[in-house]
Amino acid sequence: MAGMPILHNSIKEYLDEDQKKDLLRFLTAGSVDDGKSTLIGRLMYDTRALYADHLLSLKKESKRHGFLNGEIDFSFVTDGLKDERDLGITIDVAYRYFSTNKRKFIIADTPGHYRYTRNMITGASTANLAVLLVDATRGICSQTKRHAYLVSLIGIRHIILAVNKMDLVAYDEKVYKSICHDFDRIIEDLHIPDVQYVPISALKGENVVQSTEKMAWYKGNSLLGYLETVPVRDNKNYHDLRMPVQYIINEADKLKYYCLSIASGTIEKGDNLLVLPGKEPVKIDAIIRNNSEQEFAFAGQTVALKLGNSIELERGSLLVDPGSLPESGTAFWSTMVWLDDLPLREGVSYLFKHLSTVCKTSKIEVDQRLDINKLEMQKADSFGLNDIGLVKVCTNRQLFFDLYKNNRTTGAFILIDPESYNTCAVGMICGTV
């Protein structure tokens with residue numbers, strides 16, 4: 001059966017092999033009751049990722065909600081909050097892990113309700129792929145459009161449109177193809193390079209892990225088949241080195257190690273770099289990862305560096321390749337998503353967090369707001385909960401950044417309300433001023 005673990009001679013052998021697998025982070029999104037949580041539960045059940053005590057608990061909870069003969073309501077695998085179970089909707093972002101013989105996975109089950117767009121943004125921020133669910137009995141809805149737009153906005157390059165509940169439409173190929181055609185028209189202007197379509201029944205487990213004869217007309221992969229084979233390494237930028245300093249370790253004899261996350265690019269021992277904002281030159285004397293020295297490191301890894309110069313770096317400093325400098329300035333254009341109940345307030349100096357740097361905004365100016373039904377930007381001067389738009393942001397200090405399309409880490413920021421300390425917006429830098 002797909003997803004069953006291979007037998008190994010020792011635990012160490014199994015763990016060593018598991019460490020070599022790719023990791024795919026993906027989210028599920030869709031309208032309320034499209035079956036997102038059920039799909040994840042089914043995936044984990046059919047790939048043997050649920051422990052025996054968890055299964056027993058699920059059966060008891062399912063029986064309490066009317067499921068008989070040991071049947072399982074798979075949505076309870078992720079809808080862990082009591083309020084979620086009682087209301088029958090996903091509220092929080094639930095993260096789950098599972099592994100097959102080919103790849104490891106981290107799933108973010110994100111809310112479908114419009115009210116919880118902020119939670120979906122959280123789940124999408126680190127994802128390589130999005131599984132968008134559509135109820136075959138209802139077809140494409142406004143939330144499908146919204147989620148597709150948000151996915152493209154976040155920079156996710158791979159989408160799987162899973163047409164769920166095919167069992168409720170008698171596995172009709174015409175229904176499936178009509179929904180695929182409608183989605184084609186939605187995404188034609190979103191510039192998402194890889195879109196796949198798969199008909200499924202999460203409740204019945206058809207075409208989720210194994211292909212099904214009930215939809216013999218479908219010749220593509222099962223959902224898991226796509227998840228196991230979609231390329232993920234192409235999502236990283238290995239060319240433009242960006243390493244923000246996160247914290248500093250002070251050892252004996254005044255020896256310092258600088259802990260950094262490599263947002264993009266690659267490094268080797270002996271490389272000569274620049275430190276921003278001062279543009280001081282530094283040389284890498286040692287690269288430490290997993291408590292041992294190594295010769296090189298690359299995007300996505302966290303390392304500690306020993307530098308040859310006596311220069312003192314601070315949290316928020318940015319190490320870059322001298323031949324590939326980022327943009328800099330105190331003003332830029334961004335695509336922003338507003339997450340707070342309080343609307344954007346003119347004249348308020350919001351806290352602005354970019355990488356490890358926190359400063360203040362001197363001005364925020366709304367230019368356009370998205371009409372989600374038309375997927376068009378329209379002139380606007382106000383911004384409220386779940387609004388998406390083009391916004392000019394000015395800060396009270398110089399920043400070093402990239403356009404979001406080139407670097408998802410150095411091109412992103414958040415706004416924080418100075419009074420409540422709520423995260424009130426996320427932004428993607430899309431142009432300089």
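How much accessible surface does the protein have, and what share of that surface belongs to carbon and sulfur atoms? In this predicted model, the accessible surface of the protein comes to about 21,000 Å², and 48% of that area belongs to carbon and sulfur atoms. Of the 433 residues, 51% count as buried, and the secondary structure comprises eight helices and 22 strands. Among the contacts with a separation of 6 or more, 69% are accounted for by residues 24 or more positions apart.

Helix α7, which covers residues 173–187, contains 15 residues and should span 21 Å at 1.5 Å a residue, a value with which the distance of 21 Å between its end C-alpha atoms agrees. Within α7, the residues Tyr176, Ile179, Cys180, Phe183, Ile186 and Ile187 are buried. Viewed down the helix axis, the buried residues of α7 fall within an arc of 110 degrees, and they therefore line one face of the helix. These buried residues pack against strand β4 (129–135), helix α6 (142–154), strand β5 (158–164) and strand β6 (194–199), whereas Lys174 and Arg185, on the other side of α7, are exposed. At the start of the helix, a side-chain oxygen of Asp172 reaches to within 2.9 Å of the backbone nitrogen of Lys174.

Elsewhere in the chain, strand β3 (residues 103–109) is mostly covered, with six of its seven residues buried. Strand β1 (residues 22–30) runs parallel to β3 and is joined to β3 by seven bridges; in one of the pairings, Leu23 has Lys104 of β3 as its bridge partner.

Terms used: Residues numbered from 1 in each chain as written. Predicted model: local features only at pLDDT ≥ 70, side-chain atom pairs only at ≥ 80, totals over all residues. Heavy atoms only, no water. Helix = DSSP H or I, 4+ residues; strand = E, 2+ residues; numbered from the N terminus. Expected span 1.5 Å × (residues − 1). Buried < 20%, exposed > 50% of the residue type's maximum accessible area, 1.4 Å probe, protein only. Arc of directions from axis to C-beta. Contact = heavy atoms within 4.5 Å. Polar contact = N/O pair within 3.5 Å; in protein donor to acceptor, adjacent residues only side chain to side chain. Pairing = 2+ DSSP bridges. Areas by Shrake-Rupley, 256 points an atom, 1.4 Å probe, with all protein chains shown as cover.
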